[in-house]
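Please consult the sequence and the coordinates alongside the text.

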Amino acid sequence: MLWPPKIRLVTVLCSIVFVLGTTLQNYVIIDLDLIETSMRLKGADTADAPAYLSALRLVGNVFIVGNALGLLVWFRWRWLFWPVLAFNVAQAFGVFVVPFEVHRAAIAEHGWPGVLPSLVTDGGAVILSIVLIVAYVRSLRRIDDPVRL
């Protein structure tokens with residue numbers, strides 16, 4: 001798909017927000033105390049909290065890199081469409097994958113700002129994914145803008 005100017009701008013701006021939000025969530029909001037609190041809320045043993053934190057940060061780092069890939073859309077490289085869409089769809093699933101106890105613990109520790117980065121990045125990824133899918137479907141209808149995969 002060719003990157004129309006508006007879709008390109010929206011994707012880059014969202015990617016900037018998602019990189020910042022995911023970094024904030026990964027390194028400021030989420031810490032060992034928060035993980036232990038969320039595990040206690042769930043009724044789980046807190047002995048695995050350090051391993052869970054490491055795994056969660058690894059996943060966060062993958063999403064930071066994936067969101068940073070969206071910044072390269074500015075250069076209009078066609079091959080970026082599918083990886084950017086895939087990362088955003090995957091991040092959108094964070095709404096369902098992150099246990100609610102993590103959000104409760106974040107609210108208890110940081111107040112509502114503790115869940116804001118997660119809501120913005122995961123919810124924003126839902127919206128950006130829909131926008132990208134609609135743009136792709138619209139590009140299929142254009143005769144003068146063939147889709148090259």
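## Phe87 and its surroundings

Apart from neighbours within four places in sequence, Phe87 is in contact with Val62, Phe63, Gly66 and Leu69, where contact means heavy atoms within 4.5 Å. Phe87 belongs to helix H4; helices here are DSSP runs (H or I, at least four residues), numbered from the N terminus. With a relative accessible area of 24%, Phe87 is partly exposed; buried means under 20% relative accessible area, exposed over 50%, and partly exposed in between, with a 1.4 Å probe and protein chains only. Phe87 and Leu128 lie 41 residues apart along the chain, and their C-alpha atoms are separated by 11 Å.

The model is predicted: local features need pLDDT of at least 70 and side-chain atom pairs count only at pLDDT 80 or more, while totals for chains, interfaces and linings use all residues. Residues are numbered from 1 along each chain as its sequence is written, and side-chain values use heavy atoms, with hydrogens and water left out.

## Overall architecture

The protein has 7 helices and 0 strands, and its pattern along the sequence reads α-α-α-α-α-α-α. Along the principal axes, the C-alpha atoms fill a box of roughly 60 × 20 × 20 Å. Of the 149 residues, 38% are buried. Among contacts with a separation of 6 or more, 77% are between residues 24 or more positions apart.

## Helix pairs involving H7

Axes are lines fitted to C-alpha atoms, for helices over the stretch in contact, and angles run from 0 to 180 degrees between N-to-C directions.

| Pair | Axis separation | Crossing angle |
|---|---|---|
| H1 (residues 5-29) and H7 (residues 116-141) | within 9 Å | roughly 155° |
| H4 (residues 81-92) and H7 | 8 Å | about 140° |

The axes of H1 and H7 cross at roughly 155°, which makes H1 roughly antiparallel to H7. Angles under 35 degrees count as roughly parallel, over 145 as roughly antiparallel, 65 to 115 as roughly perpendicular and the rest as oblique. H1 passes H7 in a left-handed crossing; a crossing has this hand if the near helix is turned anticlockwise from the far one by less than a right angle. Residues of H1 in this contact include Thr11, Cys14, Phe18 and Gly21, and those of H7 include Gly124, Ala125, Leu128 and Leu132. By class, the contact of H1 with H7 has 14 nonpolar, 7 polar and no charged residues. In this scheme Ala, Val, Leu, Ile, Met, Phe, Trp, Tyr, Cys and Pro count as nonpolar, Asp, Glu, Lys and Arg as charged, and the others, Gly among them, as polar.

H4 and H7 pack at an angle of about 140° and are therefore oblique to each other. The crossing of H4 past H7 is left-handed. On the H4 side, the residues that meet H7 include Phe81, Trp82, Leu85 and Asn88; their partners in H7 include Thr121, Asp122, Ala125 and Tyr136. The contact of H4 with H7 has 12 nonpolar, 4 polar and 1 charged residues by class.

Thr11 lies in helix H1 and counts as buried at 0% relative accessibility. The side chain of Thr11 reaches the backbone oxygen of Ile7 at 2.7 Å. Leaving aside neighbours within four places in sequence, Thr11 is in contact with residues that include Trp3, Val84, Leu128 and Leu132.

Asn26 is also found in H1 and is buried, with a relative accessible area of 5%. The side chains of Asn26 and Asn61 are joined by a polar contact of 3.1 Å. A polar contact is a pair of N or O atoms within 3.5 Å; within protein, one must be able to donate a hydrogen and the other to accept it, and residues adjacent in sequence count only if both atoms are side-chain atoms. Not counting residues up to four places away in sequence, Asn26 touches Leu56, Arg57, Gly60, Asn61 and Ile64.

## Helix H6 and positive phi values

In helix H6 (residues 100-110), the buried residues are Glu101, Val102, His103, Ala105 and Ala106. These buried residues of H6 pack against H1, helix H2 (32-42), helix H3 (49-69) and H7. Gly111 follows H6 and has a positive phi, near 75°.

Arg76 has a positive phi of about 65° although it is not a glycine. Most residues other than glycine have a negative phi. Arg76 is located in the loop between H3 and H4 and counts as exposed, at 54% relative accessibility.

Methods
Helix = DSSP H or I, 4+ residues; strand = E, 2+ residues; numbered from the N terminus.
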